[in-house]
Each structure stands twice: as C-alpha cells, then as structure tokens.
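Welcome, and take a moment to look over the chain before reading on. The report below starts with one residue and then widens out.

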Amino acid sequence: MRITLWHPPQNPQRVRAYLNQLGCLPQDVKAFVVPHGNGVKLSVSDAAAAPAVLEALHEAGVLSEGQTLEAVPFAVFEERAQAGAGKAGRAPRAKRQGSSASNRAPARSLTGSRLNEAEALDLASIPVPDPVLIRIDHREPAALFEALQGLPNVTLERTDLSLGDIEIQGRETRYVIERKCCAETAARTDFEASVVGDDKRLFFQSEKMRLEEGITPIVLLEGPVHDNSRGMLVQAIDGMLSFLVTIQRMNVINTYSLRHTCYVILKLAAHDRSGLGYEPPLRGRKPTGLPQVAQLAFVLEGMPGVSANIARLLAERFGSMAGLVAASEADLAAVPGMGPKRIAQIRAILHGG
C-alpha cells in the first residue's frame, strides 16, 4: 500500500490521504481518507469495495485487530505518506507481487550509463518563454511536483486526471503523458505490471489516449525498461513498445530517472512555445578547402530534385552559379538526367518563375 497526500488547490487547508497500490481495487476505483473527529473517514468510489479496503488496512498494519478508523489519527497516514515519499522512484501504481530475497534477480550494474549526468540536470536552465500549465495526477510521487515547483512561467496543478499521469497545456494541443516507472523493484516494475498484470491496464490506457481527440499522447518509460524486467523477455518488451507506436500511435520517450522526467517535461513545454529557439540547418557541414566546382555541387544539392550526381554534372558543365543562371533550357537538357520537370524546377528557383 502506498499513501499519497493531496491538498485541493482551491482549499489547501483541506487534505486527503489516497490509498494506492491496493490489489483489491480495480484501476478506476479510488479510495481515500480525510480527518474526521479524532480519527479518519474512509471514502471509496465504489462502496461495495469498502470492506476490501478495510481488510487491506488491517494487512498493512494501519488498523489493529478490533480497531476502527474513527480511532486512527490522520497523523498515522501522514507519517506513512512521508515515509513513502523517499521511494518516489518506485512504481506508484504497480501491484506488489509476492517475492522473497531468494528468487529476486541480482541487481544490474549501470556501469557506463549517464544516470549521474541526468540527475545533475538543471531544470532552471530551460527557458519557458510563456506561461504554461502542467497538471499532475494526485497519485504521482510528491517529488515530481516539488521538482517542478517555483520555476518561472510554470504553473502546477495537482489534481485528479482522468487520462494519463501528467498533462501539459500546449498552444494547440494537450500533451498527455502516461508515466511508467521502470526502476528496479523486488517484484515487477510498474511497466511490467501494466502489461502482464491481471488488469492489463496499459492496453486500456493507451487505447483511451488513442481515441481522445486534441491530444498528443506520450508513454514515458522512466528507468531501464529492459534491464529491470523481472518476467518479460527482451522480445516481449520490444513487442509491447512496437504495439504502442504502430498500433496505438503513441509517442514513446525513455528517461533515466524522475528528475530526468521533469527535465523532459519542461523541454516539451519550452519547445511547444518557441520551437528549438533557433532555425536548424537543413544541410550538413559545409565543405571547406574544396575546389570551386565541388563547392558549387554542394550548393546545387540543396535544390529540389537535384541528386549528388546531377549536382556534380551541372557544376562541371557550367562551372559557376552565374554560368548556370545564363544556361538555356537546351543547355540544361544536354546534361544527363535533366528532364523537363527538373529543368523547370531549377529555372523557377534561379529566375523566380
């Protein structure tokens, strides 16, 4: 069981403690407690599931034998939420599967990875030119919210999202991100559990995102998805990723860690508002120290329908741009590979036709 605190934005003095990672609840059923007298009051979106939630609280040690929620101070839930915040890298929605130390796979080495570099990324170094609203589901780890808080032009809203875990309000679209944690765990990662678990929730989540209009859907995999798999073969993971891209039309992004995820979220917001911030070159590095004919050929390759071979032939035939401009249609037609359509395209560029 993972407990997450949530304060309504319109009334920060109020608080709820959401009960997550409950295997007894379907994905769309929510359970939370609020302070009530000297104890707490339980709310479950499906009242029929309330007894199962109480049983889970007993199993987790929150309730002792014969004790009722009216006798449990809300501070108990606050302490558990704070204790769980230090495990933000863990999967917030994965079901905990029974596992012992003897059958746990050995930890993988990340030798040569760039995790440390990703952890050192400075979020404040990304200029967000215009105000952006980023909405984060209340079940996401507090560390995600805290890392993005206080940045210029960034407004955060912690709320109950019906689609995805993170939403960026873009200029012409909403970027809806379904975040799947792939950090090493004793059992299945969040990504694995969402694929092979009983609810197969990633299939349904991606389908809902695919059918939603006006959004750019993104599945974000946080951590080494292949290395930390406990039950899925490499080909099974690749098959799921291929399914997400080709069938579900998802954009798939991989990050190293939660902090790296925050960095990517800001990059998406910044690029949505100002692009790259500069005009990217359409060609590769310009040649230097080459003969004039070779440099002319490089320039001509940028024209539509002009291959490297035709550019070389034109440069050798006419020797300079001035010579090419002065060439007649007959002169151009004498060059191998120059047909009427290509001649018309080139002359339109050279003479503004």
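Leaving aside its neighbours within four places in sequence, which residues is Asp-272 in contact with? They are Gly-170, Arg-171 and Tyr-175, where contact means heavy atoms within 4.5 Å. With Tyr-175 there is also a polar contact of 2.8 Å between the two side chains. A polar contact is a pair of N or O atoms within 3.5 Å; within protein, one must be able to donate a hydrogen and the other to accept it, and residues adjacent in sequence count only if both atoms are side-chain atoms. Asp-272 itself sits in helix α8, which covers residues 258–274, and its relative accessibility of 16% makes it buried. Here buried means under 20% relative accessible area, exposed means over 50%, and partly exposed lies in between (1.4 Å probe, protein chains only).

**What you are looking at**

This is a predicted model, in which local features need pLDDT of at least 70 and side-chain atom pairs count only at pLDDT 80 or more, while totals for chains, interfaces and linings use all residues. Residues are numbered from 1 along each chain as its sequence is written, and side-chain values use heavy atoms, with hydrogens and water left out.

The protein chain has 13 helices and 10 strands; these are DSSP runs numbered from the N terminus, helices being H or I with at least four residues and strands E with at least two. Of its 353 residues, 40% count as buried. Among contacts with a separation of 6 or more, 61% join residues 24 or more positions apart. The chain exposes about 18600 Å², and carbon and sulfur atoms supply 52% of that area, as given by the Shrake-Rupley method with a 1.4 Å probe, where for residues only the protein chains shown count as cover.

**How confident is the model?**

The predictor's confidence in each residue is its pLDDT, on a scale from 0 to 100. The chain has a mean pLDDT of 85, and 88% of its residues reach 70 or more. Residues 86–112 call for care: pLDDT stays under 50 there, although the model has 64 contacts beyond four places in sequence for this stretch. Where pLDDT is low, the predicted coordinates should not be read in detail.

**Charged pairs**

Side chains of opposite charge can pair when their charged atoms come close. The structure holds 18 salt bridges, each defined as a side-chain nitrogen of Lys or Arg within 4 Å of a carboxyl oxygen of Asp or Glu. Three of them are set out here.

| Salt bridge | N to O distance |
|---|---|
| Arg-179 and Glu-140 | 2.8 Å |
| Arg-179 and Glu-222 | 2.8 Å |
| Arg-201 and Asp-199 | 3.7 Å |

Arg-179 is buried, at 1% relative accessible area, Glu-140 is buried at 1%, and Glu-222 is buried at 3%.

In the pair of Arg-201 and Asp-199, Arg-201 is buried at 3%, whereas Asp-199 is partly exposed at 22%. Elsewhere, salt bridges link Arg-135, Glu-157, Glu-167, Arg-174 and Glu-212 into a network.

**On the surface**

Which residues form a nonpolar patch on the surface, with about 200 Å² of accessible area together? They are Val-299, Met-321 and Val-325. Patches are made of residues with over 30% relative accessible area and no salt bridge, like charges being joined within 9 Å and nonpolar side chains (Val, Leu, Ile, Met, Phe, Trp, Tyr) within 5 Å. Val-299 belongs to helix α9 (residues 292–300) and is partly exposed, at 44%.

Pro-51, in helix α1 (residues 50–59), is exposed at 52%; its C-alpha atom is separated by 9.9 Å from that of Cys-24, 27 residues apart along the chain. Glu-79, in helix α2 (residues 74–85), is exposed at 54%, and 9.3 Å separates its C-alpha atom from that of Ile-3, 76 residues apart along the chain.
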